Amino acid sequence: MSDPVVTRFAPSPTGFLHIGGGRTALFNWLFARARGGTMLLRIEDTDRERSTTAAINAIIEGLTWLGLSWDGDIVFQHGRAARHREVVEQLLAAGMAYRCYASPEELTAMREAARREGRARLYDGRWRDRDPSEAPPGVKPVIRLKAPQTGETVIEDQVQGRVVWQNADLDDLVLLRSDGSPTYMLAVVVDDHDMGVTHIIRGDDHLTNGARQKHIYDALGWQVPVMAHIPLIHGPDGSKLSKRHGALGVDAYRAMGYLPEAMRNYLVRLGWSHGDQEIFSTGEMVAAFNLQSIGRSPARFDFAKLESLNGHYMRATPDADLVAALEGLLPHIAGGEELIAKMTPALRASLIAAMPSLKERAKTLVELFAGSRFLWASRPIEPDEQARSLLTAEARTILSGLTRQLADGDDWSAAATEARVRAFAEQAGLKLGAVAQPLRAALTGRTTSPPIFEVLNLLGREETLARLQDQIS
């Protein structure tokens with residue numbers, strides 16, 4: 001029986017949880033869940049100057065919003081520095097590491113010489129076999145790994161295939177800085193080993209790190225986890241994903257009005273395929289996900305596809321749940337505080353009743369918010385430019401007569417109001433559109449809305465007549 005699968009998501013808290021990080025977390029989560037394993041969360045906060053509490057909170061909130069849970073307590077890498085140093089002492093004692101006293105000036109000269117000569121290895125190993133008695137006085141050394149200098153380092157990557165490096169091209173990497181702080185390379189290996197990680201799934205920008213980290217594993221006699229380096233996400237034009245393409249934080253996508261289930265579905269299809277299937281429930285994702293179906297080419301981010309997918313999920317979401325999702329978004333969008341202040345059980349009921357029509361016209365919750373404004377906007381309604389162009393003097397005369405017709409009767413069902421509007425248009429010798437268009441503009445301030453008789457029904461008799469009176473008086 002094979003060991004249980006343990007994956008990890010290990011972001012650095014130096015900024016928001018970007019969309020690529022969200023996909024990496026999703027792939028780790030799906031792989032672990034599909035095999036009855038666990039996904040751990042480690043915050044790689046060894047860069048003390050750039051790591052912030054706000055970034056840590058953004059990572060946690062982003063994962064929570066995406067619906068990606070982790071197992072056990074969060075591990076903070078900085079708090080494990082003593083353990084990292086302990087491992088380095090073991091390597092020193094075993095002759096697998098050494099103290100390097102090269103000065104910054106010497107290191108610069110080495111790098112420049114290597115570049116002139118076209119050599120990949122930048123450090124020349126000058127302290128690798130020297131006697132410690134030659135150490136210059138008062139200089140605090142770094143600790144370097146004695147990496148193999150001949151032969152090859154091979155990783156059988158689950159996505160990239162067999163990847164080979166010539167050891168002659170790889171440096172003796174630094175394990176401890178001169179101030180005693182562990183480097184990223186060391187900390188990752190020690191933490192992954194101590195946390196029992198069996199599979200490392202991360203971006204292919206870490207592929208070369210994989211070779212260097214394998215050197216540390218081998219020096220310690222530890223088993224190397226299975227590695228899968230996934231291609232990065234590119235923009236629609238094929239270039240590296242940037243802010244202009246959509247390289248934003250997960251929190252930004254939430255604020256743009258995307259549903260977490262749509263975001264999960266979109267992210268899983270960025271670089272992974274399962275036949276021609278595009279729409280996946282979470283259960284279907286878990287059942288189908290595997291590393292072998294991840295492509296080697298960079299995935300391309302496509303906002304239009306994301307919007308289309310989000311529209312699908314919005315239409316499939318029960319109306320009450322969609323209103324709840326909208327309420328959850330309000331604190332994060334401009335103007336949301338106005339609806340928060342106005343929300344009552346009656347207004348919530350009206351929003352739920354309006355959802356079947358509103359969600360057919362919206363691809364995001366922000367569009368849904370804008371489309372619902374007619375239900376809760378304060379009087380007098382301020383028409384936009386297009387609606388204002390419909391409210392001519394002639395149109396206001398028509399609305400004045402229509403207001404009297406609508407007021408003449410207590411039955412305010414959609415069928416009853418439609419009958420009165422049609423009767424008015426017929427009596428006035430007008431096409432229905434000549435009445436309905438200015439009516440919509442007066443009641444909603446827009447030229448598009450749910451069907452006009454549904455609008456009348458949702459607003460109710462008192463509010464409808466008051467809004468009409470505002471426009472004709």
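A polar contact is taken here as a pair of N or O atoms within 3.5 Å, where, within protein, one atom must be able to donate a hydrogen and the other to accept it, and where residues adjacent in sequence count only if both atoms are side-chain atoms. The model is predicted, so that local features need pLDDT of at least 70 and side-chain atom pairs count only at pLDDT 80 or more, whereas totals for chains, interfaces and linings use all residues. Residues are numbered from 1 along each chain as its sequence is written, and side-chain values use heavy atoms, with hydrogens and water left out.

View 1. His193 is found in helix α5, residues 184-194; helices (H or I, at least four residues) and strands (E, at least two) are DSSP runs, numbered from the N terminus. The side chain of His193 makes a polar contact with that of Asp194, at 3.1 Å. With neighbours within four places in sequence set aside, His193 is in contact (heavy atoms within 4.5 Å) with Tyr217 and Trp222. His193 has a relative accessible area of 33% and is therefore partly exposed, given that buried means under 20% relative accessible area, exposed over 50%, and partly exposed in between, with a 1.4 Å probe and protein chains only.

**View 2. Val455 in helix α20.** Val455 lies in helix α20, residues 452-472, and counts as buried because its relative accessibility is 0%. Not counting residues up to four places away in sequence, Val455 touches Phe374, Leu443, Thr444, Ser449 and Pro450. Leu375 is 80 residues from Val455 along the chain, yet the C-alpha atoms of these two residues are separated by 8.4 Å.

**View 3. The open sheet β1-β2-β3.** Three strands form this open sheet, in the order β1-β2-β3 and with parallel pairing; two strands pair if DSSP finds at least two bridges between them. The edge strands, each of which pairs on one side only, are β1 (6-9) and β3 (75-76). Strand β2, residues 38-43, pairs with β1 in the parallel sense over four bridges, and Thr38 in β2 is the bridge partner of Val6.

**View 4. The hairpin of β6 and β7.** Strands β6 (residues 152-157) and β7 (residues 161-166) pair in the antiparallel sense over six bridges, and a hairpin joins β6 to β7 through three residues. Thr153 stands opposite Trp165 in β7. In a regular strand the side chains alternate between the two faces of the sheet. The covered face of β6 holds Thr153, Ile155 and Asp157, while its uncovered face holds Glu152, Val154 and Glu156.
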